[in-house]
Each structure stands twice: as structure tokens, then as C-alpha cells.
Amino acid sequence: MPLLERLQASNHVDQIFISNGSTLFLEKKIEGLVESSPIEFLKDHWNNNNKLIFLGSIGAVVRLISPFVRSKHNDPAILVMDSKAKNVITLLGGHKQGGDAFANELAAALEAEVICTSDSFTERRIPLDCFGEGWGWERGGSDVDWRKLMIRQSKEQKNIVFQSQGSKLWQKLKGCANCSFLAKNDPISFENINIYIGQENSNICSWHPPTIIIGIGCERNTDEMVIQRAIDKSLNQNGLSLLSISCLATIDKKNDEIGLLNLSKKNEWPIYFFSAPELSQVNVPTPSNVVLKEMGTASVAEAAAILLGGQSGRLIQEKKIYYSNEDECGAVTIALVELSIPFAPHKGELHLIGSGPGDLEMLTSDSRRALNRCSAWIGYTPYLNYLDSIRRPEQVRIDSELTFEKDRCQYALDLAKEGVKVALISSGDSGIYGMAGLALELWLHEKIDSRPLFQVHPGISSFQMAAAKLGAPFMHDFCSISLSDLLTPWDQIERRIKSAAIGDFVIAIFNPKSKKRNWQLKKTVDLLIEFRKPCTPVAIARELGRPDESIEIHTLATLPFDQVDMLTILVIGNSQSVIKNNRFLTPRGYFSN
């Protein structure tokens, strides 16, 4: 039961069920626990697109669910775990229902072993029938065709792919080596295509990136059915798929239009509202004096769609009016804008991940779970190399150079706004001299309704690992100071060093010395010696958690500057710090009384 409570606390499960009578064996009462017979539980939750986790033996679960199993396309994802959480097994719904991905996420959180038996998992291929979800795309095509396609993949036959929109980063993965990608001018007939990725209607297996903005205006109290039919007709007339809809755009006076709000919620289409002054600034092909008089702007549908689309948008349908039937109420105006770059921030996620000092054992379970969730990993090449052994075949790595932090963060944010689940990776802890601050600044510059989910995941910083290796240097008040003056003026850094010295703080020094910046460390030591004894202990910790790790203990007076570089962190003791038996200790004061 503690395992189930842990899963509920981490939001992996919404509800815990237990079989009748089993509560008698519980040591304590669990809030929210539902007692039910297994059969009644399955009757209530089998057809609700749930992911169901069972604790126990596979045999017992198979016998229990067998009367309910109907179709791989409709059955829920079924996962089985042993009571010690050593193994997570996907029993049903590995692909379409997201069972394999969820099993990987659970295993990462619980440090368990994943057991999946699908062909794509065992052969390290991209699961073509579900990978697009991580990129913010919607799946189209019949279940029969998708089954045939996955059989082709398992037989290592070529699947021909044509992609007109959405990120193509995935095409470079080794896991899709059996895919053949067509260019627009490829002479091969499109009749031979096995997978289509774009915004148009297709009668084959397809993924649809969110690239269509629906500009909409309507009479007051227009029926939901009328709005839906107008959207359906507009897209059908243009050969576009409903699955490619990014969002709706309209005037803020419609923010209480019941039919429109219900349609948005039902289809999970976000609505973006604009004021009349904002819309009136947009040049449109068909302005209306009637609309101007009524709404305070000469255009609603066209102006809203164009405004939201920005530089990435192109008007592909001028406004059209659709009227209600005799037994309905209202009328609807629809305009369509096509985006060159997908837009679905409500689906996107930006995870700031601290990978730790380098050893995978130092990667926190929270960071590992977030990495498992993301389709794209972005980071400095050495940091990605440390993590590459746990990257799945369908996860893209995007390497970046060390000095391009702003470009890296902006790229990650832009991908997340497309609907992609993105991991932006730093070493150590992302919130300590990492990418979290810059990424958050950029995220905050976005309009509130254009922000993807943003989450920072704690990592183990190098100063924490240095402390663990040294003994207990940070047992009293301490601070960290970076000597890099690329973004912080040196006079400000110097004031902080003096303040830390006067305050008798233990100090962790980051970025102590580089080839171009080689005088700041000597200046720092000179400043500290004004306030501390030359015999104050100083530890040089280099390449922590990596094969060439080295740790040496010196003093302020004997510090060998030539052994320090950007892969080094220094720990400088305070007036109470001592070295005993080669251990670095800053006493807390327990024995002072």
C-alpha cells in the first residue's frame, strides 16, 4: 500500500482501489481509498480510456481481465507491477493507449525494470503508430491500416513517408532506418505512401501537426451544432483534416458564448480572444461596415485568425458565412489561416533537467522520469553523452555548443510551443548556474496563453557531490560564487567575495578559471587572505562523477592555480574549517558548549 500511496502522491495514479475485505489488513486508514470487487471495478473503468495498474501476479491479472478483453483499439492500457516495484510490465495497450510510455515513466520514477514485448521496443525501432503524440500531433487513419503498417515494420519492410509539416528532427533517428522519406518533387506516386504527415485529409495512416487556426465569428446564442458544422464544412471544402486544428480565434466579446465554449472544451481546441482595438489594426481582405458598427472592428474571423497566426500564418480561406437550419439558432463566420510552424502550447512541455555531475547514479528519479517523458532532448554535447545510454529510439537528441545558451533555450521553448515535449538539459542542478533562469525569463516573455507547461526538475549540483566526497564542509552557513564575468561585472563579483569573507561563509567557487579568464582566481585568493588565515583549507574537486575525477586538499597559501580549470569546483573553508584524517569538516558547534 505505501507503493500505491507514493504513486498517487506523484500524480501517477488518480485513484486507488482495493478488493473487498482487504482493508481489514491495512495498518492505517488511507484517505480516498475505494473498496470494490474486482469485477465491479473493471465494469466501471474498462471503457473510459483509462490506464489501469495492477499489483500482483500476471497470471491472476490475465484471468481477471480476460472476460473484458475485446480489441487492441478499444481496450485500456493494462500495466502489472510486483509488490516490490522491481518490474513494470505492459500487458495491454502498449502503443495506442500509451502503455509502453507510461510503463517507462513509472519505471523511471520507481527505479524499476521495464518489461515490454512489442516489436518496436525489443528491436529498438520507432513506434510509428504512437510516436507523434510526443510531438503534439493527432493520429488519423483506420486501425486496420495502422495494424498493417506495424506488421510491415516488424518484417523490416520499407514504409514510405511523406511529411509536409511539423518538425522533421525524428527522421534522423536510427530507429526509423526502415522508413523512406519522400520529397515534394519525388517522382514516386503518392499512391505508394504508407504514412502521411501534414494537414490535409488522408485515407491512409497519418499524423496531423496543429497548423490550422480557425478564425470565428457568430451571432449571439448560436447553437454548438451550427458552429461545429461550419468548421467541418470549411475544412472539408479545403481538403483539410479536423485533426490539424491548432486553435480557435475570435473577439473577446464572445468569451461567454456557450455554444463556442462547449465546442472548444469538447474538442480540446483552445480559444484565443482579442479586443476590438487589437482586431481593428489588422488588414483584412473583406472588412464589413456592419461588423464594425456591431463589434467595434471591421473584421472578427479574418482579423483574429491573421493576428494569432502572425508571421507564420497565411490566410487560406477568406471569411465564409454558414447559416443554421430551420430548427437551429444562429449563424457563423469562418476564416482559415495556415501556419508554417505548428502551434499547440497547450500540448507542449518544457522540462528543465539537471543531469547531475555526470554519473547516471547521480541522476535523480524525478529528472529521469521527465527525461523519459520527452521526445526531444536539448543540451551541450558532453551532457547529452552522459545520458545517451537511457535515451529511447524515438527520442531525438539535439546537440548544442557551450556558448549558445540563449539560442538553446529559445529553440527548446519554440519546440514546446509547437506541442513537443522537450527536455532542456544542464549538468548538476538546472537551477544553479544552469538553464532554468534563462529559460524562465524567455517563458515569461510569452503571452500567458502561449506558454507551454514549464517545470524545473532538481539535480545534484557539483558542490553537493564535492561535499559528500570531502566529508562535511558545508555544515554551517555557506554560499556559492561564480567567477565568470561574462554576464556579471567583476566589481560586483568582487563585492560578493568580500562580503562572503567578512561573513565567514564557507564558499563554493564555480567557474574558477578558463584559458581566457585566468587572473580572477588569484585575485579572489588575495581578497580572502585579507580576512582569513593562509592555512584555511581549500579543496580542488575536478570532473566529479566522471572517469577522470580527482580531489585534492590545499590551503589558500598553497593553492596550485595551474591545476584549476572550468571543470573544477573549489571549496574554501571558513575560520572553523579543519582537515582531519584527510576529511574536510566545518563544525556545526555541537561540542562547543
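Contact here means heavy atoms within 4.5 Å of each other. In that sense, and setting aside neighbours within four places in sequence, S234 is in contact with Q317, Y322, I334 and L336. The model is predicted. Its protein chain holds 18 helices and 29 strands.

**Overall make-up**

- Of the 593 residues in the protein chain, 49% are buried.
- Along the principal axes, the C-alpha atoms of the protein chain fill a box of roughly 90 × 65 × 55 Å.
- When contacts in the protein chain between residues at least 6 apart in sequence are taken, 66% of them join residues at least 24 apart.

**Helices α4 and α12**

- Helix α4 spans residues 99-110 and helix α12 spans residues 365-373; their axes lie 7 Å apart at an angle of about 165°. That angle makes α4 roughly antiparallel to α12, because angles over 145 degrees count as such.
- The crossing of α4 with α12 is right-handed.
- From α4, the contact takes in A101, N104, E105, A108 and A109, which meet S365, R368, R369, N372 and R373 of α12. By class, the residues of this contact between α4 and α12 are three nonpolar, three polar and four charged.

**Helices α17 and α18**

- Helix α17 (residues 490-502) packs against helix α18 (residues 520-529) at an angle of about 35°, and their axes are 9 Å apart.
- Here too the crossing is described by its hand: α17 passes α18 in a right-handed crossing.
- The residues of α17 that meet α18 are W490, E494, I497, K498 and A501, and their partners in α18 are Q520, K523, T524, L527 and L528. The contact of α17 with α18 is made up of five nonpolar, two polar and three charged residues.

**Buried face of α18**

- Q520, L521, T524, V525, L527 and L528 are the buried residues of α18. Around the axis they cover an arc of only 160°, so they sit on the same side of α18.
- The cover over the buried residues of α18 includes α17, together with β24 (506-510) and β27 (568-572).
- Q520, T524, L527 and L528 are among the α18 residues that meet α17, and they are also among the buried residues of α18.

- In helix α15 (residues 436-445), the buried residues are A436, A439, L442 and W443. Viewed down the axis of α15, these residues fall within an arc of 135°, and therefore line one face of the helix.

**S234 in α7**

- S234 is placed in helix α7, which runs over residues 224-237.
- The relative accessible area of S234 is 0%, so S234 is buried, because the cut-off for buried is under 20%.

- Most residues other than glycine have a negative phi.
- A85 is not a glycine, yet its phi is positive, at about 55°. A85 lies in the loop that joins β4 (77-81) and β5 (87-92). With 10% relative accessibility, A85 counts as buried.
- E111 also has a positive phi of about 55° without being a glycine. The loop that holds E111 lies between α4 and β6 (113-115). E111 counts as exposed, at 64% relative accessibility.

- N47 is in the loop between α2 (38-45) and β3 (51-55). Its relative accessible area is 63%, so N47 is exposed.
- In sequence N47 and N74 are 27 residues apart, and in space their C-alpha atoms are 7.4 Å apart.

Note on methods:
Residues numbered from 1 in each chain as written. Predicted model: local features only at pLDDT ≥ 70, side-chain atom pairs only at ≥ 80, totals over all residues. Heavy atoms only, no water. Axes fitted to C-alpha atoms, helices over the stretch in contact; angles between N-to-C directions. Helix = DSSP H or I, 4+ residues; strand = E, 2+ residues; numbered from the N terminus. Parallel < 35°, antiparallel > 145°, perpendicular 65-115°, else oblique. Left-handed = near helix turned anticlockwise from the far one by under 90°. Nonpolar A, V, L, I, M, F, W, Y, C, P; charged D, E, K, R; others polar. Buried < 20%, exposed > 50% of the residue type's maximum accessible area, 1.4 Å probe, protein only. Arc of directions from axis to C-beta.
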